[in-house]
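Open the structure in your viewer and get ready to select residues. We will go stop by stop.

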Amino acid sequence: METAERHALIRQYADGYGLVMDALDGITAAEWDATEAPGEWSPRQVAHHLADSEMTSAVRIRRVLAEDAPLLMNYDQDEYAARLHYERPPEASLQAFRWARESTAQIIALLTEADWQRSGIHSESGIYSVEHWLRTYVEHAAMHADQIRRARAAGK
């Protein structure tokens, strides 16, 4: 990956929290629990998922950078949603998402060329490089911001 592309992806990653907050701007009490279709997540559930996912991703990238070829375990996001009380207020989860992302963005902005060559082993997908991690989490926030907008529109 070229340096300019890395810098653009790092900026997009750092902007992920803002994308989600823009999607939530002006949300009503009813819209927090609206879904675009049966079986889809509401903005409230997405907020909790983003926190859980971001905290997991923050640990993953730290392990890849600090350990040699660590084994990175998958987690079942549906079990997290079912067992971690995703009906609770979303504010703390949004802050967890924010600060996990911000602290991680600071780290990835400082990576050396040697750091970019590091990787771990994901329990389901195999080799898990720093670049793969970054591309995954750049897309993740944007995808869920879009999901929040669709759910809010469907709930009106």
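Predicted model: local features only at pLDDT ≥ 70, side-chain atom pairs only at ≥ 80, totals over all residues.

Residues are numbered from 1 along each chain as its sequence is written, and side-chain values use heavy atoms, leaving out hydrogens and water.

**Stop 1: helix α5.** Select residues 91-108. Helices here are DSSP runs (H or I, at least four residues), numbered from the N terminus. At 1.5 Å a residue, the 18 residues of α5 should span 26 Å, and its end C-alpha atoms are 26 Å apart, which agrees. The expected span is 1.5 Å times one less than the number of residues.

Now colour S93, L94, F97, A100, R101, T104, A105 and I108: they are buried. Buried means under 20% relative accessible area, exposed over 50%, and partly exposed in between (1.4 Å probe, protein chains only). On the other side of α5, E91, A92 and Q106 are exposed.

**Stop 2: R101 and E54.** Select both side chains. They meet in a salt bridge at 3.0 Å, N to O. That term means a side-chain nitrogen of Lys or Arg within 4 Å of a carboxyl oxygen of Asp or Glu. R101 and E54 are both buried.

**Stop 3: R83 and E79.** Their closest N and O atoms are 2.6 Å apart in a salt bridge. Both sit in helix α4, four residues apart, so about one helical turn separates them. R83 is exposed, at 61% relative accessibility. E79 is partly exposed, at 36%.

How values were computed: Helix = DSSP H or I, 4+ residues; strand = E, 2+ residues; numbered from the N terminus.
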